[in-house]
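Here are some notes to read alongside the model. Please keep the structure open while going through the points.

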Amino acid sequence: MGSHESVANTLTSFQKGTQEDITAASISPFADEHYTDFYDGHILKFMKPGLGSDIELIWETLHHLLLNSRASPINVVDMGAGTGRVLRGLLEVAYAQGIEKLDVKFFGVDPGDAMLRRGKEMVDTNDRIRGMADIDWVESDSLNFTTDQPALYNATDLLYFAGGGFNHLLSPTEIVGFLREVERALRISSPNALAIIVIQSEAMPSRMASIPNYDGELSVIRSETMPDITYEKSADTKTWAGPYHVDAFGLKVKSTKDGSVLKEFKFRYDLALFDEEAWPGYVEKAGLRTVKEKDYGLGRAFYLQKK
Ligand SMILES: C[S@@+](CC[C@H](N)C(=O)[O-])C[C@H]1O[C@@H](n2cnc3c(N)ncnc32)[C@H](O)[C@@H]1O
């Protein structure tokens with residue numbers, strides 16, 4: 001048992017992101033309102049919707065399921081939904097195609113309550129997509145969602161885990177635990193029910209050398225929803241402990257009126273690299289099989305079904 005194991009063992013579940021705030025008690029960044037506001041602006045810089053995005057990739061499958069499933073509505077889980085970037089993106093794609101109503105019940109699952117609140121608010125205040133589908137924002141995580149949300153047990157038609165969320169699972173035990181939950185969730189009576197695990201190239205050892213570091217510089221982001229706020233994010237420092245990647249940066253919440261710093265945080269994320277060699281074994285162990293693999297703009301997607 002080397003140092004890699006001990007890094008994983010010091011970290012517990014949702015865990016993975018920590019925050020030091022000079023004005024508040026130490027909590028996860030995913031529980032802070034300013035962080036969620038900053039997150040939405042920041043993520044758009046490198047995860048743009050449109051052709052080649054994970055949203056288009058997932059829409060392709062969702063659209064196929066809508067045309068071919070007997071269930072009505074179909075149940076769709078956005079695992080690690082965060083602020084609903086993908087979920088909202090899917091609704092925007094449907095809207096752009098002239099679809100007024102989707103026969104989908106979405107479950108946006110995330111352990112970060114502030115992320116979920118933000119997701120709900122961003123749907124509810126958007127005239128294009130509000131009311132287009134039924135959405136439950138569920139505070140749970142990848143290891144417990146069928147227990148916390150029994151409606152998803154043996155009743156899930158599509159589950160996707162996108163946007164780097166999968167890399168918050170730090171140990172083989174967590175990864176297999178999550179995949180077993182997926183196996184429990186997928187609707188047994190549906191030959192189409194499947195899960196899409198999206199892995200970004202920056203987390204894949206065979207690809208990462210060719211990936212530019214988008215976070216390597218100071219960036220200033222104007223809040224979309226709070227006109228008086230600007231975020232100043234420091235360059236990331238990335239350090240490695242074997243397959244674990246510690247990503248840290250500072251965030252200043254500034255007043256646009258006088259430039260004063262209202263809050264200052266230091267964030268730290270512990271992320272695991274995707275273990276390409278071990279992955280097929282994890283899938284097998286959980287009672288799943290890989291039915292397809294597909295590259296998209298920022299990485300690779302694995303399509304899994306029950307064995
Ligand atoms: C980088 S964000 C991605 C959010 C969203 N999917 C997107 O693409 O914008 C990662 C998310 O994973 C969530 N997360 C962390 N650990 C998790 C776990 N064990 N199960 C489910 N989600 C988790 C975090 O709360 C966070 O919202």
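**Notes on the predicted model**

1. The ligand comes first. In this predicted model, 22 residues surround the ligand, and the closest are Gly80, Gly82, Arg85, Asp141 and Gly163. Sorted by class, this shell holds nine nonpolar, nine polar and four charged residues.

2. Next, the sheet. Seven strands form an open sheet with mixed pairing, in the order S4-S3-S2-S5-S6-S13-S12. Its edge strands are S4 (134-139) and S12 (288-296), each of which pairs on one side only. From one strand to the next, the twist averages 20 degrees.

3. In which sense do S5 and S6 pair? The pairing of S5 with S6 (residues 194-200) is parallel and runs over four bridges. Leucine 158 has leucine 194, in S6, as its bridge partner.

4. Helix H3 lies across S2, S5, S6, S12 and S13 (299-306), and runs at about 175 degrees to S5.

5. H3 also packs with helix H4 (residues 85-96), at an angle of about 65 degrees and with the axes 9 Å apart. The crossing of H3 past H4 is right-handed. On the H3 side the contact is made by Asp54, Ile55, Ile58, Trp59 and Leu62, and on the H4 side by Val86, Gly89, Leu90 and Val93. These contact residues divide into seven nonpolar, one polar and one charged.

6. Two backbone details deserve a check. Most residues other than glycine have a negative phi, and most peptide bonds are trans. The bond joining serine 72 and proline 73 is a cis peptide bond, with omega about 0 degrees. Proline 73 sits in the loop between H3 (54-68) and strand S2 (74-79).

7. The other detail is at asparagine 154, which is not a glycine but has a positive phi of about 55 degrees. Where is asparagine 154 found? The residue is in the loop between helix H6 (145-148) and strand S5 (158-161). Why does asparagine 154 count as partly exposed? Asparagine 154 is placed in that class because it has 16 C-beta neighbours inside 10 Å, whereas a buried residue needs 20 or more and an exposed one has 12 or fewer.

Note on methods
Residues numbered from 1 in each chain as written. Predicted model: local features only at pLDDT ≥ 70, side-chain atom pairs only at ≥ 80, totals over all residues. Helix = DSSP H or I, 4+ residues; strand = E, 2+ residues; numbered from the N terminus. Axes fitted to C-alpha atoms, helices over the stretch in contact; angles between N-to-C directions. Left-handed = near helix turned anticlockwise from the far one by under 90°. Contact = placed C-beta atoms within 7 Å. Nonpolar A, V, L, I, M, F, W, Y, C, P; charged D, E, K, R; others polar. Near = placed C-beta within 6 Å. Pairing = 2+ DSSP bridges.
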